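Trainee: I would like to learn how to read the features of a model like this one. Please take them one at a time.

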Amino acid sequence: MAFILFIYEYNLIETYFPPILLTFVGYIIAAVGLVLIIPFVHYKRLAVNGAELHRGTITASRKYIAMLSPLTNDKVTIPENLFIFNSDFRRLYYDSVNSYLYGFPNASLPNTVRCLEVGLKKKYNALKSNAATLPANDSNFVNNVDKAIRATKNKDLEEVSLLELIEAGKIYYADQKETAQYLRTLRNKIHDISNIVDSEAQFAIAKITSVLNGIYSLSKQIDIKVRCTQCGKIHTYNIDSQLFYIGNKIQLECKDTEKERTQQEKHYVITVLPSLTDIY
Ligand SMILES: [Zn+2]
């Protein structure tokens, strides 16, 4: 403090720091301030209360809801059967969806394409171990990948390119030609310098999810665990897998029998969202 007073008293600021330098310092302080403030404002604007979202009482920002709506309209059904093979896939897939929902399409798209690549490789490995008893589609896919592996230098699956895997998996796609062509453009897109926009990331999630659900057929019913808002306990519900699409609201009924409840007290709603725990 004494030093500051000393500088002020003897007019040292102007002596040692000419006005142009002071202006420059001012710009730097303002820039640092903006760098610190902008991310804070950005996250605050996007922040949502995950617990409330799952409970169906959305208090998300308008931006989040605007991002969620197209996925809900497309009925993007969470590829639960992919996760059975490896629980890391859930993390991978949810990172894609959450990156998109929170406004980071450049982070989302490469990861969505990665889900496709690991999904195809894992399918091949799983089928290869039962190669003798495969249905026609699966055996066709295995033969295609085998051919691509034989063409690599070290005869190794890891050397097979994503473009070749996309081609080999054609048999599983609806609208084979168009889908394969679209997937190839995505592969090129993630190696390109141009910015990825929200709608591109969103469309890729919808399309690749549908491809993954073609490769890993969804079971008709799936079990979900939910922490009940009415009694606080965790109940398991067996629901139609077609209802398990992102943003869908599902009404559930409390299963607790210890306390007498009216019909209204028994019912509550959850929203299907990418949740990193398996309990909603
Ligand atoms: Zn309950």
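Mentor: Start with burial: a residue is buried if 20 or more other C-beta atoms lie within 10 Å of its own, exposed if 12 or fewer, and partly exposed in between, with C-beta atoms placed from the backbone. This is a predicted model, in which local features need pLDDT of at least 70, side-chain atom pairs count only at pLDDT 80 or more, and totals for chains, interfaces and linings use all residues. Residues are numbered from 1 along each chain as its sequence is written.

Trainee: Is Lys155 buried or exposed?

Mentor: Lys155 is exposed, because 10 other C-beta atoms lie within 10 Å. Lys155 sits in the loop between α9 and α10; helices (H or I, at least four residues) and strands (E, at least two) are DSSP runs, numbered from the N terminus.

Trainee: What should I look for in the phi of Lys155?

Mentor: Most residues other than glycine have a negative phi. Lys155 is not a glycine, yet its phi is positive, at about 50°. Lys75 also has a positive phi, near 50°. Lys75 belongs to the loop between α5 and α6 (80–85) and is partly exposed, because 16 other C-beta atoms lie within 10 Å.

Trainee: Which strand holds Ile224, and why does Ile224 count as buried?

Mentor: Ile224 is in strand β1 (residues 221–227). Ile224 counts as buried because it has 22 C-beta neighbours inside 10 Å. From C-alpha to C-alpha, Ile224 is 5.6 Å from Thr236, and the two are 12 residues apart in sequence.

Trainee: What does the protein contain as a whole?

Mentor: The protein has 13 helices and four strands. It has 280 residues, of which 22% count as buried.

Trainee: How do I read a nonpolar core?

Mentor: In soluble globular proteins, nonpolar side chains tend to be buried together. A nonpolar core is a set of buried Ala, Val, Leu, Ile, Met, Phe, Trp, Tyr and Cys residues joined through C-beta atoms within 7 Å. Here the largest has 38 residues, and Leu116, Ile205, Ile208, Leu212 and Ile246 have the most contacts inside it. Among the elements giving two or more residues to this core are α8, α9 and α12 (198–215); α12 gives the most, with seven residues.

Trainee: Which residues is Leu212 in contact with, leaving aside neighbours within four places in sequence?

Mentor: Two residues are in contact if their C-beta atoms, placed from the backbone, lie within 7 Å. On that basis Leu212 is in contact with Pro79, Leu82, Cys115 and Gly119.

Trainee: How is helix packing described?

Mentor: Two packed helices are described by the angle between their axes and the distance between the axes. Axes are lines fitted to C-alpha atoms, for helices over the stretch in contact, and angles run from 0 to 180 degrees between N-to-C directions. Angles under 35 degrees count as roughly parallel, over 145 as roughly antiparallel, 65 to 115 as roughly perpendicular and the rest as oblique. The axes of α8 (residues 105–128) and α9 (residues 136–150) come within 10 Å and cross at roughly 110°, so α8 and α9 are roughly perpendicular. On the α8 side the contact involves Tyr124, Leu127 and Lys128, which meet Asp138, Phe141, Val142 and Val145 of α9.

Trainee: And what is the angle between α7 and α12?

Mentor: They pack at about 150°, with axes 10 Å apart, so α7 is roughly antiparallel to α12. Ser96, Val97 and Tyr100 of α7 and Ala201, Gln202 and Ile205 of α12 make the contact.
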